[in-house]
Amino acid sequence: DEAHYLQALAHLDPQSIGRARVTSRSGVLAKVAGGDALWSALLARYFGLSGAAARRGPDGAEVASAREAFASWYSVPRDLDLPLPGWAPQASPHSARWLAAWARLRRWQRANAQQASRTLRPPADADAKAALAQLVAPHEVHPLVSGIWDIHDGQRMPREIRRQLNAVDEGEGPEVGRFDGAFGGYQVYNHVICTMFLSIRAAVAVTSVFREQMADVLKDHPAKVIFAMDPRFQKMFFVDVRDGMVFIWNQGGRPSFTPAAPFHGAPLPEEATREGAAVRLGGLRSRPDLNGRAGTLGAYDAGKERWQVILADGSGTHLIKQANLLQDDGRADSFLRWFEEFCRRLQDGVYVQRPILPEIGEPSMGLALFPAKGEELSRCVTRGVEVTASCVFMPEHSGSWGYSIAFKLLGTAEERGFETCQLKTRRWEITEDGRAPNIVNGEGVIGLFPILADGGWICNRESDPHMQYESDSDSLRPGEFRYQSCSGALQSMSGFFGGSLTFIPGTIKRPTGPPFQARLEPFRLHVPDYLY
């Protein structure tokens with residue numbers, strides 16, 4: 001009967017079930033082999049999916065049957081070159097979420113960043129996981145944290161860094177180049193970042209060295225592990241293996257951790273708010289570095305209408321409003337959500353592949369973290385001059401913002417009234433929330449006076465008097481002119497950056513018309529929920 005067929009087929013691999021369904025002369029066997037009961041059981045066994053989640057594919061779209069859902073999920077590990085048919089290190093929902101997220105990243109890399117894709121390593125082995133467990137003992141590594149290495153065990157670290165750390169060999173294959181970091185980067189002046197994803201063994205080695213160097217600070221953070229970093233150790237990402245919280249190491253002032261992903265928890269009910277209650281902090285705008293931190297409630301200060309919160313990491317006690325107290329739901333999925341949000345931004349074109357260092361160009365091609373699309377990008381067109389701008393918060397750089405501003409010509413010379421125009425001066429208006437604007441006037445931008453032309457900008461001694469770019473005289477550099485700089489930290493950690501730029505039709509030496517102002521539409525200076 002069907003129950004016996006179901007019991008027997010459940011022990012077969014998917015390919016064998018498919019063959020049984022096609023070749024069977026028994027109508028009952030074929031029915032069971034194609035039925036939802038069997039494929040729902042396989043979805044649970046291989047991917048930990050059940051209920052409504054078992055009726056959606058990796059892209060989140062609804063499917064018609066459990067068999068169709070299984071086929072779509074089963075294609076993902078094959079696409080990621082994971083061993084088949086038995087890939088199921090731990091049959092739980094996190095397996096499916098990590099698979100789906102990695103599939104999105106790999107598809108984007110194959111289309112846009114093939115070199116970075118080639119540096120990814122196979123899944124982590126049991127010995128590597130054991131080394132991680134030993135590093136953080138007696139704390140346990142949550143499956144939602146270790147799941148990232150179940151798909152790819154980091155990128156192959158450059159040989160010279162392995163020698164510095166006395167790290168083990170990571171096998172054969174392409175190593176991470178200066179701009180091949182999977183998590184992207186940016187540049188402002190001599191601060192050049194490109195973050196690579198570490199293998200477990202590299203993470204253990206780097207974390208061990210860092211613990212020795214910063215023992216006085218890290219003694220209260222035994223469960224935090226470095227999982228990604230810039231090859232020059234300028235920027236490091238930590239994950240707390242117990243709860244999945246993600247942090248960036250802040251080297252400015254007193255070294256500390258800045259949350260890189262929000263903690264998703266429900267507001268703490270007033271009836272549960274009492275001394276000794278375990279809480280999380282969230283929604284703090286003036287102290288975003290405290291968001292996501294775990295702590296215990298102390299006494300209530302009626303005069304200030306705030307609770308004392310004694311932070312669990314031993315870093316201090318703070319007075320916090322009731323509205324900023326959250327309860328821990330135990331999901332521990334902040335790390336996974338951080339990764340999923342990163343993949344979404346790639347898919348949506350927020351982050352794009354372009355030169356990290358504009359003056360170098362193609363040799364510095366990498367994943368640029370200055371937003372190229374969406375609400376974080378400002379755009380304005382004045383007399384055919386398009387000005388776009390965006391910023392990235394840099395906790396590792398004294399809590400300042402790096403910004404990227406680009407100019408290019410649109411339309412035709414007849415529509416604009418000029419063939420070329422040259423930047424002469426700039427006027428920045430940096431407005432901190434609740435304060436008067438800070439006005440900054442200057443000549444050109446970082447010593448450059450770009451001459452915009454159709455299809456690019458002219459690089460010569462007039463536009464580049466200090467010869468920052470290597471180019472032939474009067475050469476047209478294709479594409480937009482882009483420059484990158486930084487703005488200092490704001491006391492409120494929130495404000496706007498806007499202003500205007502004065503352009504001369506023709507050139508400064510040979511004008512063909514009166515000067516005009518091109519508007520820089522203000523872009524937001526703030527600490528985003530997610531940091532990369």
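Modeller: Two strands pair if DSSP finds at least two bridges between them. Helices (H or I, at least four residues) and strands (E, at least two) are themselves DSSP runs, numbered from the N terminus. The model is predicted, so local features need pLDDT of at least 70 and side-chain atom pairs count only at pLDDT 80 or more, while totals for chains, interfaces and linings use all residues. Residues are numbered from 1 along each chain as its sequence is written, and side-chain values use heavy atoms, with hydrogens and water left out.

I start with strand S24, which covers residues 495–505. S24 runs antiparallel to strand S25 (residues 516–525), and 8 bridges join them. Along this pairing, Ser500 stands opposite Arg519 in S25. S24 also pairs in the antiparallel sense with strand S18 (residues 421–432), over 11 bridges. There, Leu501 in S24 is the bridge partner of Arg426. In a regular strand, side chains alternate between the two faces of the sheet. S24 is mostly covered, as 10 of its 11 residues are buried (buried means under 20% relative accessible area, exposed over 50%, partly exposed in between, with a 1.4 Å probe and protein chains only). Phe516 has a charge over its ring: the charged end of Arg383 is 4.8 Å from the ring centre. A charge sits over a ring if NZ of Lys or CZ of Arg is within 6 Å of the ring centre and within 35 degrees of the ring normal.

Next comes an open sheet of 5 strands. Its order is S3-S4-S5-S6-S7, and its pairing is antiparallel. At the edges are strand S3 (196–197) and strand S7 (256–259), each of which pairs on one side only. S7 is joined to strand S6 (residues 246–250) by 4 bridges in the antiparallel sense. Phe247 has Pro259 in S7 as its bridge partner.

Rings of Phe, Tyr and Trp (its six-membered ring) pair if their centres lie within 6.5 Å; planes under 30 degrees apart count as stacked, over 60 as edge-to-face and the rest as tilted. The whole structure holds 46 such pairs. Phe237 is buried, because its relative accessible area is 1%, and Trp338 is buried at 0%.

Phe227 is in contact with both Phe237 and Trp338, where contact means heavy atoms within 4.5 Å. Its other contacts, leaving aside neighbours within four places in sequence, include Trp149, Phe183, Phe197, Val246 and Phe335. Phe227 and Trp338 also belong to the largest nonpolar core, of 139 residues, and are among the members that touch the most others, together with Phe47, Trp102, Phe339, Val385 and Phe503. A nonpolar core is a set of buried Ala, Val, Leu, Ile, Met, Phe, Trp, Tyr and Cys residues joined through side-chain atoms within 4.5 Å. Helix H6 (residues 93–112) gives the largest share of this core, 9 residues. There is also a second, separate core of 12 residues, with Leu268, Val279, Leu284 and Leu311 among them.

Another open sheet has 5 strands in the order S11-S10-S9-S8-S12, again with antiparallel pairing. Strand S11 (317–320) and strand S12 (325–326) each have a single partner strand, so one side of each is left without a neighbour in the sheet. Within this sheet, 3 bridges join strand S8 (residues 278–281) to strand S9 (residues 294–301), which run antiparallel. Ala278 has Thr296 in S9 as its bridge partner.

Last, a loop. Ser364 lies between strand S13 (352–355) and strand S14 (365–368). Ser364 counts as buried because its relative accessibility is 0%. Not counting residues up to four places away in sequence, Ser364 touches Phe179, Arg354, Pro355, Ile356 and Leu357.
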